[in-house]
Amino acid sequence: MRLFENNARAVQLNLHCGTIYNKQVKMKFRAKIVDIACLNHFTRLISSISRLTKSCVLRLTPDQLFFVLSGKASSGGAAMWCQLSQVNFFDEYQMEGVSSEANEICLEVMPDNLCRALKTVQMAKCVKVKLTKKHCPCLTVAAELPTLSSTGRVVTHDVPVEVIPRRLWHEFKEPSVPDFDVSIYLPPLKTMKNVVDRMKNLSNFLVMEANLNGEMNLKIETDLVSVTTHFKELGCPAWGSSGAAVSQAGGASMSQVTVDIRKLQQFLMGQQVNPSKAMCNMVHQRMVHLILLHEDVSLQYFIPAVS
């Protein structure tokens, strides 16, 4: 069932048949959103992603859309994997990738540019997006805006993109996650954001601790000050046999990861998805793996430990 079926207000978002030729490879993408609530939800999602990264890769497949940031943990970079099912957003969705065997399109895009274009057309009568070739490949957003006169007013935005060659696609697959030591539900994100915002004024680094009893600590430790915020009774997800290997022994033992507080703050600042579940997996002294789940979206964010 499509999301937001009962919303009375609707708008058409046509991702009209745009074509890009990349070294003799013909690619097409066409889709349409009718419900304005779906358009608003999609815009909020892009806005959240724009808070996490200036540039990312948009992977288009027949059934899914992925926004991917392939960070290098060795250099302290964060990574992101956001996945949404096209059927939950689009009434029509057609695409042709580089070949029938590799039916995908990979585009490098600046999400903030795409977000700004979408925000200007929230009340449009019709919005069209084409994959075009101008001075460079673009997602061209053209919106027919309502007017008091009989003459329509059309606003156009060209969002530059870069076509990712197939030989580089392997860099934009779902990140592998080592077996985690602790998996725990996060406290309310707004509460967590307020705590992290205050701690950021004290240090550039934050210590995250959690155990299998559902307890989490956020700590700042410097030569001048030591501050800890405690959260209890958060609960732990039951991953079952298909999940990572989490030992149930020694539930009170804390796993600990020191992270760049700015990366955690970016994650908390940008959350407009209103997730039904928010979880944190920790690999002791190596990585924090944050997961937001909505009924139609999953967003994973990987923050490596700082040495």
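**Figure 1. I46 lies in helix 1, which covers residues 36-52.** This is a predicted model: local features need pLDDT of at least 70, side-chain atom pairs count only at pLDDT 80 or more, and totals for chains, interfaces and linings use all residues. Residues are numbered from 1 along each chain as its sequence is written, and side-chain values use heavy atoms, with hydrogens and water left out. Helices (H or I, at least four residues) and strands (E, at least two) are DSSP runs, numbered from the N terminus. I46 has a relative accessible area of 0%, so the residue counts as buried. Buried means under 20% relative accessible area, exposed over 50%, and partly exposed in between (1.4 Å probe, protein chains only). Beyond its neighbours within four places in sequence, I46 is in contact (heavy atoms within 4.5 Å) with F67, P111, L114, C115 and L118.

**Figure 2. I164 occupies the loop between strand 10 (153-163) and strand 11 (182-185).** Leaving out residues up to four places away in sequence, I164 touches V57, C106, L107, E108, W169 and F172. Its C-alpha atom is 9.5 Å from that of R59, 105 residues apart along the chain. R59 itself lies over the face of F66, at 4.7 Å from the ring centre. A charge sits over a ring if NZ of Lys or CZ of Arg is within 6 Å of the ring centre and within 35 degrees of the ring normal.

**Figure 3. Ring pairs link F29, F42, F89, F90 and Y93 into a cluster.** A pair of aromatic rings is described by the distance of the centres and the angle of the planes. Rings of Phe, Tyr and Trp (its six-membered ring) pair if their centres lie within 6.5 Å; planes under 30 degrees apart count as stacked, over 60 as edge-to-face, and the rest as tilted. A search of the whole structure finds six aromatic pairs. F90 and Y93 make one of them, a tilted pair with 5.6 Å centre to centre and 45° between the planes. Both residues, F90 and Y93, are buried.

**Figure 4. F267 and Y301 form a stacked aromatic pair.** The centres are 5.6 Å apart, with 10° between the planes. What does this pair tie together? F267 lies in helix 4 (residues 261-269) and Y301 in strand 18 (residues 297-304), so the pair ties together parts that are 34 residues apart in sequence. F267 is buried, at 0% relative accessibility. Y301 is buried too, at 1%.

**Figure 5. Helix 3 (residues 189-200) and helix 4 have axes that come within 10 Å and cross at roughly 145°.** Axes are lines fitted to C-alpha atoms, for helices over the stretch in contact, and angles run from 0 to 180 degrees between N-to-C directions. The crossing is left-handed. A crossing has that hand if the near helix is turned anticlockwise from the far one by less than a right angle, and is right-handed if clockwise. From helix 3, L189, M192, K193, V196, D197, M199 and K200 take part. They meet I261, R262, L264, Q265, L268 and M269 in helix 4. The contact residues divide into eight nonpolar, one polar and four charged. Ala, Val, Leu, Ile, Met, Phe, Trp, Tyr, Cys and Pro count as nonpolar, Asp, Glu, Lys and Arg as charged, and the others, Gly among them, as polar.

**Figure 6. E233 has a positive phi, near 55°, and is not a glycine.** Most residues other than glycine have a negative phi. E233 is placed in the loop between strand 14 (226-231) and strand 15 (255-260). It is exposed, with a relative accessible area of 76%. The C-alpha atom of E233 is 7.3 Å from that of N213, 20 residues apart along the chain. N213 sits in the loop between strand 12 (205-210) and strand 13 (216-221). N213 is partly exposed, at 45%. Its contacts, leaving aside neighbours within four places in sequence, are G251 and A252.

**Figure 7. Q285 also has a positive phi, about 60°, although it is not a glycine.** Q285 is found in the loop between strand 16 (277-283) and strand 17 (287-293). At 54% relative accessibility, Q285 is exposed.
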